[in-house]
Amino acid sequence: MAIALAVVLSACGGGGGSALPPAPVSAAVTVDGGEPQAASGVRVYPAAAAPQKLSAWRVVASDGATLTLGERVVPYALNTPLFSDYAHKLRTLWVPPGTQIERTASGPLQFPIGAVVTKTFFYPKAAAQAPGALGARRVEQAEGGETIDLATHHLVETRLMVRQDDGSWGAVTYVWDADQRDATLVRSGQAIAVELVADAGARTPFTYQVPTDRQCVDCHATDATTRRFEPIGPQARHLDRGYAYAGGSVNQLEHLAALGLLAGSASGPAATTVWNDAGAALEARARAYLDVNCASCHNPVGRAAATGLWLGADVASPASLGVCKPPVGGAQYRRFAYDVQPGDPDASFLYHRLTSYRPNSEPPRVAMPELGRHVFDDEGNALIRAWIAAMPPVCP
């Protein structure tokens, strides 16, 4: 079922006007005089001194008609992506000339100093538009491609992460201007009014929330004890899939290796299951969905470690997955005997939290995830419901 979106920009938080960009940050990508190497094209800045306009980075560029990638910028996609209010995403990575990404046996790939990773959020436009709003269609994203046609798509924001000289990662967010030719730095977040419009005419308004700098850190610090902050999507198991590049479809890991950008062992963890692959096992699909959408917090050292509900792909204990485990929390939790009640999704606190979203209002505290989701993920919720319902209705 195709669903349209009407998008209205209602700013709260802001970006600021144009300004001269500061000098690039990394010696790995600069030459004498602080100017970037001409061969690379991309310019690199510390997050704290990020330029006001996205175009200064030269990672992506728009002429108002087409979004294109900068020189040596490589697009990528994930086997199972994070759900974000049905937004489509174009992900990219770039590393300085002469450097490589280290492939790890598990966990995120390790990027060199000066690396830049981006994620651009956009929606496809609808043929009919609501008065005073930009219409857009809710359709399944076709992963692939190296450009975005702005005649049929609307850019919302681009999030950028940069590996800084001290080895730390910095993150900044840019909201695309109304003319779609550039994006402006926004550090304090911004609200964007969006309306989901179904084929039958039903409308579901909600507020799309561009994150603050702090919220980016909260989501990407998977270890609450060290506050280590890094990209978490680019992992070998997530990237082990084909991508439709301009020259044809190729496995992404093989493509990066062929470009000389990927070092490390050729062996690694099994590819993440594609969550909506009807031909894959139900449990594998559900576990992949929970891993990508929940495990950054729900892991033994994450922000939700105290709940004892750990949802990573490597978790083997049924109790750690919530099966027949009482929820940890206050009075609002007590009507649920278990995080996951086998065979009964409606009696499962985990399912309740995934489906506790109220359109046109801020999500209540019980809703999960805490950030980045403001509408029901109909397909994802149905998958988790089916997974719980298929469990034998017995607790030890």
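User: Why is Gln180 called buried?

Analyst: Gln180 has a relative accessible area of 7%. Buried means under 20% relative accessible area, exposed over 50% and partly exposed in between, with a 1.4 Å probe and protein chains only, so Gln180 counts as buried. This is a predicted model, in which local features need pLDDT of at least 70 and side-chain atom pairs count only at pLDDT 80 or more, while totals for chains, interfaces and linings use all residues. Residues are numbered from 1 along each chain as its sequence is written, and side-chain values use heavy atoms, with hydrogens and water left out.

User: Which residues does Gln180 touch, not counting residues up to four places away in sequence?

Analyst: They are Ser62, Gly64, Leu150, His153, His154 and Leu155, where contact means heavy atoms within 4.5 Å. Gln180 itself is found in the loop between β11 (169-176) and β12 (183-185); strands are DSSP runs of E with at least two residues, helices are runs of H or I with at least four, and both are numbered from the N terminus.

User: What makes Thr118 a buried residue?

Analyst: Thr118, in strand β7 (residues 116-124), has a relative accessible area of 2% and is therefore placed in the buried class.

User: What joins the side chains of Thr118 and Thr92?

Analyst: A polar contact of 2.5 Å joins them. The term requires a pair of N or O atoms within 3.5 Å; within protein, one must be able to donate a hydrogen and the other to accept it, and residues adjacent in sequence count only if both atoms are side-chain atoms.

User: How many aromatic pairs are there, and why is the pair of Phe83 and Tyr86 called edge-to-face?

Analyst: The count comes to seven aromatic pairs. The ring centres of Phe83 and Tyr86 are 4.8 Å apart and their planes stand at 90°, so the pair is edge-to-face. Rings of Phe, Tyr and Trp (its six-membered ring) pair if their centres lie within 6.5 Å; planes under 30 degrees apart count as stacked, over 60 as edge-to-face and the rest as tilted. Phe83 and Tyr86 are both buried.

User: Why is the pair of Trp275 and Tyr289 called tilted?

Analyst: The ring centres of Trp275 and Tyr289 lie 5.7 Å apart with planes at 55°, so this pair is tilted. The pair links distant parts of the chain, 14 residues apart: Trp275 is in the loop between β17 (262-264) and α4 (282-294), and Tyr289 is in helix α4. Trp275 and Tyr289 are both buried.
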